[in-house]
Protein chains: 2
Amino acid sequence: MAAKKAKKSEKNTRTLPAVGVVGSGSFATAIVKMLLENCECVHWCVRSEFVKGAIELRGHNPTYLPAVNFNLKCLKLTTDINELVAQCDVVVLATPSIYLSEAVEKLYVPYEGKIFVSAIKGIVPKANDVVAHYLRDEFNIPFERQAVLAGPCHAEEVAMERLSYLTIAAGCTEVCGMLEQAFTSDFIRVHPSADILGNEYSAILKNIYAVGAGISSGLGYGDNYTAVFVSNAIREMEHFLEGIHEVPRDVNESAYLGDLIVTAYSLFSRNRNLGNLIGKGYTVKSAIQSMNMVAEGYYAAKSIYETSRAKGLHTPIIDTVYRILYEEKNPEKQFRKLSTILN
Amino acid sequence: MAAKKAKKSEKNTRTLPAVGVVGSGSFATAIVKMLLENCECVHWCVRSEFVKGAIELRGHNPTYLPAVNFNLKCLKLTTDINELVAQCDVVVLATPSIYLSEAVEKLYVPYEGKIFVSAIKGIVPKANDVVAHYLRDEFNIPFERQAVLAGPCHAEEVAMERLSYLTIAAGCTEVCGMLEQAFTSDFIRVHPSADILGNEYSAILKNIYAVGAGISSGLGYGDNYTAVFVSNAIREMEHFLEGIHEVPRDVNESAYLGDLIVTAYSLFSRNRNLGNLIGKGYTVKSAIQSMNMVAEGYYAAKSIYETSRAKGLHTPIIDTVYRILYEEKNPEKQFRKLSTILN
């Protein structure tokens, strides 16, 4: 154990810059845990004084992944994003997408030259756009100083230290290499990528497809159907990504297909659970209210549907989920119609 | 109901040829059920007089899918493959792969001009080859008179009439169209394909990957890992299929990816269950003995591994499963090694 600690601090002192995480949900908590495998200390900007106080008192996040115990000496907790950004070279943004603008618009300290990493799998409502575009257009952070953390990496399994694979997409190879070093550990393997937009969009799309898989399950469709649904979804995703940002990519890499599968199948997936409730007959409103976590797929469906329309893309699964979530269309009828198109 | 029956018999009289099914396992039983949605009668060659007598007595297969009740007036049961082949234009072979040669080598009636459809997802041990090659090489049945039934189509869900999608790959479009008509129903959709070998090999490979997914699950790997495993498996499958039979194909179609997913994830999958037992510490022998169904992936692993070696293909997942099943290698160590190659 002592040897392990010594190795960590040596590694850190030699090469790792100061890293901070913004957000206090389950994935943010998992990211702090991952980083502490390599970093002597992690800066952590949580949402409220209450959460900060609770972590300081108990040594764990009281609401998300409470089984993950932190050595408080290794955390620099704050509720002030400016304090965090001022002290860090790398800022990992891991709030729910709907709270991102609220957090980053408070920024007044200089952040030129710092790296911003998005672990957010959703659309920024204010910009009606993905995080990478929002950061570039509103904050002048070029892609060269951005990165995206992609899955399949459900936080609950990171908490249990079950071997998981992160894809890190970055605009420049140095940034990618540095992040690979910061995240690789006994239970985390890192796969590098240059496809920031593809990884970001696919992480958003998979939430919509997971809502759809959940609806079909709630309606009583079985395993045979779900497998067909997912195999159609990955082809639709490939078509969408090509329409948005055409670069050579293999959508069967883990960040695209793997993340889609884990989200569509895992019982940990809140998007799938939202869909399942709707398929079982809950209204959309009551299904959302009954969950105490944000299901990103709900918000994403609207924006992605509009993008698909604007680009003239053929996305029957996204359209179906959108119509159920936003146009009060009958899930059973919509899925019966969709089933005639799938193959 | 009367209208439905009338429609069925009209359809059948007009266009469907006489169809027979050879085999009495779960998928054979499901195929008989599927065909009876369109055919007034189905010929069914079962393995023994005992099974034949039990079906005649009870109206259902006593061992597999016992909840599926048949109208005995619509079945022409036999235990004699020659009787069946003599009376049928289309013969669906649905035995476990290890029993196929035993069944078809009894054939002495002429079968020229008849269509042979393989619903077998395994290697013929005697030929150490796939069914399509075996039928062509040993019985002079050309690909033009062959077809392959591909999934994702677990029999248990067909029994429940849950919407499922079959891919039918045939060497000629007329045969494909006729089979599409014979199988399409309220709960079965059919997708046509021309890729006989690709569909057959992928149905075999997916069983090996399902054994692998089961081993990893038995070893304690979680959902994040399984998703990465499957996303690597589909890429390995693509590479293997290209090495065997290079034609334009999209491995993300349901017959390839969908069937892989359903087999790797479904609790109905005997291949996954076999792997799971091995991962939990059972010896290979005791795991096989504890199951009362044949896990095709076990037999396939040896033949496919040898094919991969002979063709010089890079198939680390197949190699890993092979070494655990046939070389008594330690599953934990093998999967730890494999995990460093996956991405």
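How many residues of helix α11 (residues 254-265) of chain B are buried?

1. In this predicted model, helix α11 of chain B is mostly covered, since the count of buried residues comes to 12 of its 12. Among the buried residues of α11(B) are Ser254(B), Tyr256(B), Asp259(B), Thr263(B) and Tyr265(B), and the buried set also includes Leu257(B), Leu260(B), Ile261(B) and Val262(B).

2. Turning to the interface, the contact draws 39 residues from chain A and 39 residues from chain B, and about 3,200 Å² is buried between the two chains, with 57% of that area on carbon and sulfur atoms. On the side of chain A, Tyr165(A), Asn224(A) and Asn252(A) supply 21% of the area that chain A buries against chain B, which is more than any other three residues supply.

3. As for the pairings across the interface of chain A and chain B, the rule finds 0 salt bridges, whereas it finds 25 residue pairs in polar contact, both residues being at pLDDT 80 or more.

4. Four elements of chain A, namely β9 (164-170), β10 (188-193), α10 (223-244) and α11 (254-265), each supply at least two residues of the side that touches chain B. The largest share of that side of chain A, 10 residues, comes from α10(A).

5. By residue class, the side of chain A that touches chain B divides into 17 nonpolar, 15 polar and 7 charged residues.

How values were computed
Residues are numbered from 1 along each chain as its sequence is written. Chains are lettered from A and ligands numbered from 1 in the order in which they are written. This is a predicted model: local features need pLDDT of at least 70, side-chain atom pairs count only at pLDDT 80 or more; totals for chains, interfaces and linings use all residues. Side-chain values use heavy atoms; hydrogens and water are left out. Contact means heavy atoms within 4.5 Å. Buried area is the accessible area (1.4 Å probe) that two parts lose on being put together, summed over both. A salt bridge is a side-chain nitrogen of Lys or Arg within 4 Å of a carboxyl oxygen of Asp or Glu. A polar contact is a pair of N or O atoms within 3.5 Å; within protein, one must be able to donate a hydrogen and the other to accept it, and residues adjacent in sequence count only if both atoms are side-chain atoms. Ala, Val, Leu, Ile, Met, Phe, Trp, Tyr, Cys and Pro count as nonpolar, Asp, Glu, Lys and Arg as charged, and the others, Gly among them, as polar. Buried means under 20% relative accessible area, exposed over 50%, partly exposed in between (1.4 Å probe, protein chains only).
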